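Reader: I would like to learn how to read a fold from its coordinates. Can we go feature by feature?

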Amino acid sequence: MMNARVFVTLKNGVLDPQGKAIEGALGSLGFEGVDAVRQGKIFDLKVNANSKEEAKAEIAKMCEKLLANTVIENYTIELHD
């Protein structure tokens, strides 16, 4: 089993209303100097694969089909032993 973490974030240029709301909330809580907050998602997976390359390829398929909306989101995959 391999442990993987997938980070999904909005592509540059895609509006992020939740990030904007977080940015405003931080300001109202007194946190100064925070600008351009972007929010995203993290998925932690355990994958049964014979190699890191196989695991990464399988997870990329998962991202393309379900975990990320690749029209508006980017994803990165980290593998951990």
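Reader: How many strands does the open sheet have, and in which order?

Author: Strands of a sheet pair through backbone hydrogen bonds, either parallel or antiparallel. Here the open sheet has three strands in the order S2-S1-S3, with antiparallel pairing. S2 and S3 are the edge strands, and each pairs on one side only. Neighbouring strands are turned by 20 degrees against each other on average, direction ignored. This is a predicted model: local features need pLDDT of at least 70, side-chain atom pairs count only at pLDDT 80 or more, and totals for chains, interfaces and linings use all residues. Residues are numbered from 1 along each chain as its sequence is written, and side-chain values use heavy atoms, with hydrogens and water left out.

Reader: What counts as a strand, and when do two strands pair?

Author: Strands (E, at least two residues) and helices (H or I, at least four) are DSSP runs, numbered from the N terminus. Two strands pair if DSSP finds at least two bridges between them. S1 (residues 2-10) and S2 (residues 40-47) pair over eight bridges. Val-6 stands opposite Phe-43 in S2. S1 and S3 (residues 73-80) also pair over eight bridges. On that side, Val-8 has Tyr-75 as its bridge partner, and Leu-10 stands opposite Glu-73.

Reader: Which side chains of S1 are buried?

Author: Buried means under 20% relative accessible area, exposed over 50%, and partly exposed in between (1.4 Å probe, protein chains only). Along S1 the side chains alternate. Met-2, Ala-4, Val-6, Val-8 and Leu-10 point to one face and are buried.

Reader: Which strands does helix H2 lie across, and at what angle does it run to S3?

Author: Axes are lines fitted to C-alpha atoms, for helices over the stretch in contact (heavy atoms within 4.5 Å). Angles run from 0 to 180 degrees between N-to-C directions. H2 (residues 52-67) lies across S1, S2 and S3, and runs at about 150 degrees to S3.

Reader: Is Pro-17 buried or exposed?

Author: Pro-17 counts as exposed because its relative accessibility is 64%. Pro-17 sits in helix H1 (residues 17-28). Pro-17 and Gln-39 are 22 residues apart in sequence and 9.2 Å apart in space, C-alpha to C-alpha.

Reader: Where is Leu-29, and why is it called exposed?

Author: Leu-29 lies in the loop between H1 and S2. Leu-29 is called exposed because its relative accessible area is 62%.
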